[in-house]
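Here's a quick briefing for anyone meeting this structure for the first time. Have a look at the model, then read on for a guided tour.

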Amino acid sequence: MSVPPPSHSPTRSDGALARRRLLEAALQLFADKGYQKTSTREIADRAGVNLGSISYYFGDKPGLYRAVFCESFCDATAAPDVLQARDCLPNAAACQLDPDGALEDFFFNFLHPLKQGALIRLVMRLHFRELVEPSGVMGSEVDDDLADLFRNMNQLISRRLGLESPDTDTLRLTHAVLGMAMHFFVAQDLVDKVSPELVAQPESIDVLAERLAGWAASVIDAEARRRKACGDAD
């Protein structure tokens with residue numbers, strides 16, 4: 001008489017795998033569809049686990065979203081994600097950084113996560129989606145972090161223009177310069193469709209950062225010439 005094999009008993013590794021599958025499935029769906037349009041049923045089905053697993057590991061949908069948003073999907077050597085966007089450009093004046101060097105460092109630092117692979121690009125996409133479509137789960141963390149980055153860039157541009165304090169046009173310029181970098185995260189699908197070679201390799205991403213820094217400097221120089229021409233006309 002044959003003895004049936006023992007039924008499989010869940011192990012600690014099974015739980016870790018199920019939790020990881022939920023995180024990765026939720027990341028894909030939240031990044032693609034947004035928080036409000038993604039159901040927990042979709043996430044469980046995508047992960048291949050039962051719906052109750054979400055409650056077991058994360059409590060509820062907001063708990064799962066916070067985990068996806070905040071937990072690391074990369075090793076400790078990875079570059080700062082958007083939650084540490086302010087670190088991509090510290091206060092250049094306080095750090096006594098050369099404006100042109102600080103501008104170049106910003107683009108290299110900000111685009112660095114593009115080198116971390118598809119998973120990290122999804123994380124970045126989710127973070128920017130949270131910025132434009134707030135879930136109501138994360139509070140003001142993303143806004144506050146990017147606001148610090150904006151203020152530091154505004155101060156940097158003002159210094160480069162030789163201004164004692166920012167004005168309305170430096171605000172316009174700051175939005176334009178930051179937009180040059182943010183485009184490659186917000187419009188990832190478009191970039192992948194029409195110009196994938198721009199972000200295909202770490203070396204191509206470095207070239208992109210270098211070009212963007214140069215073009216941003218040129219735009220700031222054009223504003224300096226405009227101001228000088230207006231002053232001369234007066």
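**A first look**

Let's start at one helix end: aspartate 60 caps the N-terminal end of helix 4, with a side-chain oxygen 2.8 Å from the backbone nitrogen of glycine 63. Keep in mind that this is a predicted model. The chain has ten helices and zero strands, and buried residues account for 41% of its 234 residues.

**Overall layout**

- Reading along the sequence, you get the pattern α-α-α-α-α-α-α-α-α-α.
- Take the contacts between residues at least 6 apart in sequence: 71% of them join residues at least 24 apart.

**Helix 4**

- Helix 4 covers residues 61–70, and seven of its ten residues are buried, so the rest of the structure largely encloses it.
- The buried ones are Lys61, Gly63, Leu64, Tyr65, Ala67, Val68 and Phe69.
- Cysteine 70 is partly exposed, at a relative accessible area of 46%.

**Cysteines**

- How many disulfides does the structure hold? The count is zero.
- Cysteine 88 counts as buried, because its relative accessibility of 5% is under the 20% cut-off.

**The nonpolar core**

- The largest nonpolar core has 64 residues, and the members that touch the most others are Phe106, Phe107 and Phe110.
- Helix 1 (residues 12–33) gives this core its largest share, nine residues.
- As a bit of background, nonpolar side chains tend to be buried together in soluble globular proteins.
- Beyond its neighbours within four places in sequence, phenylalanine 107 is in contact with Val177, Met180, Ala181, Ala209, Leu212, Ala213 and Ala216.

**Helix 5**

- Helix 5 (residues 99–111) has 13 residues and spans 19 Å from its first C-alpha to its last, close to the 18 Å expected at 1.5 Å a residue.
- Its N-terminal end is capped by aspartate 98, which places a side-chain oxygen 3.2 Å from the backbone nitrogen of aspartate 100.
- Which residues of helix 5 are buried? They are Pro99, Ala102, Leu103, Phe106, Phe107, Phe110 and Leu111.
- Looking down the axis of helix 5, you'd find these buried residues within an arc of 150°, so they line one face of the helix.
- The general rule behind this kind of pattern is that an α-helix has 3.6 residues a turn, so residues three or four places apart point the same way.

- Helix 7 (residues 141–160) has 20 residues and reaches 29 Å from first C-alpha to last, close to the 28 Å expected at 1.5 Å a residue.
- Its buried residues are Val142, Asp145, Leu146, Leu149, Phe150, Asn152, Met153, Asn154, Leu156, Ile157 and Ser158.
- After helix 7 comes glycine 162, which has a positive phi, near 75°.
- Threonine 174 sits in helix 8 (residues 168–186), and at 0% relative accessibility threonine 174 counts as buried.
- The side chains of threonine 174 and asparagine 154 are joined by a polar contact of 3.2 Å.
- Leaving out neighbours within four places in sequence, threonine 174 is in contact with Phe150, Met153, Asn154 and Ile157.

- Isoleucine 205 belongs to helix 10 and is buried, with a relative accessible area of 2%.
- How far apart in space are isoleucine 205 and phenylalanine 108, C-alpha to C-alpha? The answer is 8.3 Å, although 97 residues separate them in sequence.
- Setting aside neighbours within four places in sequence, isoleucine 205 is in contact with Leu111, Leu114, Lys115, Arg121, Leu198 and Val199.
- Glutamate 223 is also placed in helix 10 (residues 202–233). Is glutamate 223 buried or exposed? Glutamate 223 is buried, at a relative accessible area of 9%.
- The side chain of glutamate 223 makes a polar contact of 2.7 Å with that of arginine 227.
- Not counting residues up to four places away in sequence, glutamate 223 touches Leu161, Asp169 and Leu173.

How values were computed: Residues numbered from 1 in each chain as written. Predicted model: local features only at pLDDT ≥ 70, side-chain atom pairs only at ≥ 80, totals over all residues. Heavy atoms only, no water. Disulfide = S-S within 2.5 Å. Buried < 20%, exposed > 50% of the residue type's maximum accessible area, 1.4 Å probe, protein only. Core = buried A, V, L, I, M, F, W, Y, C linked by side-chain atoms within 4.5 Å. Helix = DSSP H or I, 4+ residues; strand = E, 2+ residues; numbered from the N terminus. Contact = heavy atoms within 4.5 Å. Expected span 1.5 Å × (residues − 1). Arc of directions from axis to C-beta. Polar contact = N/O pair within 3.5 Å; in protein donor to acceptor, adjacent residues only side chain to side chain.
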